[in-house]
Amino acid sequence: MKLEMIKKTFASEQEYFLFEEKSELKHEFINENLITMTGVSFEHNEITLTIALLLKQLLKGTKWKIAIEAVKTKNAEGNFFYPDLMVCHPNPDKYFSAEPVLLIEVITGETRRYDLVDKFIQYKKIETLQYYLCVEPEQEVVIFYVKDAEGEWSTEIYSKDEDVISLPQLSIKFTLKQIYKPE
């Protein structure tokens, strides 16, 4: 995925939403800058789909909503992002959720810095966010950020099939094998 930044001002959120509806490309909106989101690889798509199906199965029968790639999240400063996957509280707004609990990005060479640094700085401003998962599509590596009860973030890196990612807020856990080598 290649990133391109364009300076743009909108009079309202609704104006941004209308712009997005008419656009052939998706744009994140950060501090009056449009970040064009273009093209993903088959590996990226496959990992995203695998995780989405896994989450759908694990969260079946719960209140949590799962969104994949085309639904935005919003931080406290009014910036909008398209995470690859999101698990959020039920939200009546049809365009975005301001209450995600889990955000997942499948990172690539072109987006690595943006996802691991820039987006994470912005995502940390979302009060409800408890977990941020960054998944490498071409190698078995997951970087997992977790917020503790005091609001401090810690990082864990997983790289083995048997490594377990636990998300107690969602009452689920899964292994890297379930992400990278589903049966």
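Visitor: Why does glutamate 140 count as buried?

Guide: In this predicted model, glutamate 140 has a relative accessibility of 18%, and because the term buried applies under 20%, glutamate 140 counts as buried.

Visitor: Where is glutamate 140 placed, and what does glutamate 140 touch?

Guide: Glutamate 140 belongs to the loop between strand S10 (131-135) and strand S11 (142-147). Leaving aside residues up to four places away in sequence, glutamate 140 touches Tyr158, Ser159, Lys160, Asp161, Leu176, Tyr180 and Lys181.

Visitor: Why is the pair of phenylalanine 80 and phenylalanine 96 called edge-to-face?

Guide: The structure holds 18 aromatic pairs. In the pair of phenylalanine 80 and phenylalanine 96, the ring centres are 5.3 Å apart and the planes stand at 80 degrees; because pairing needs centres within 6.5 Å and edge-to-face needs planes over 60 degrees apart, the pair is edge-to-face.

Visitor: What does this pair tie together?

Guide: Phenylalanine 80 lies in strand S6 (residues 80-81) and phenylalanine 96 in strand S8 (residues 96-97), so the pair ties together parts that are 16 residues apart in sequence. Phenylalanine 80 is buried at a relative accessible area of 1%, and phenylalanine 96 is buried at 9%.

Visitor: How do you know that the charged end of lysine 26 sits over the ring of tyrosine 82?

Guide: The charged end of lysine 26 sits over that ring, 5.0 Å from the centre, and the distance cut-off is within 6 Å.

Terms used:
Residues numbered from 1 in each chain as written. Predicted model: local features only at pLDDT ≥ 70, side-chain atom pairs only at ≥ 80, totals over all residues. Heavy atoms only, no water. Phe/Tyr/Trp six-rings, centres within 6.5 Å; stacked < 30°, edge-to-face > 60°. Helix = DSSP H or I, 4+ residues; strand = E, 2+ residues; numbered from the N terminus. Buried < 20%, exposed > 50% of the residue type's maximum accessible area, 1.4 Å probe, protein only. Lys NZ or Arg CZ within 6 Å of the ring centre and 35° of its normal. Contact = heavy atoms within 4.5 Å.
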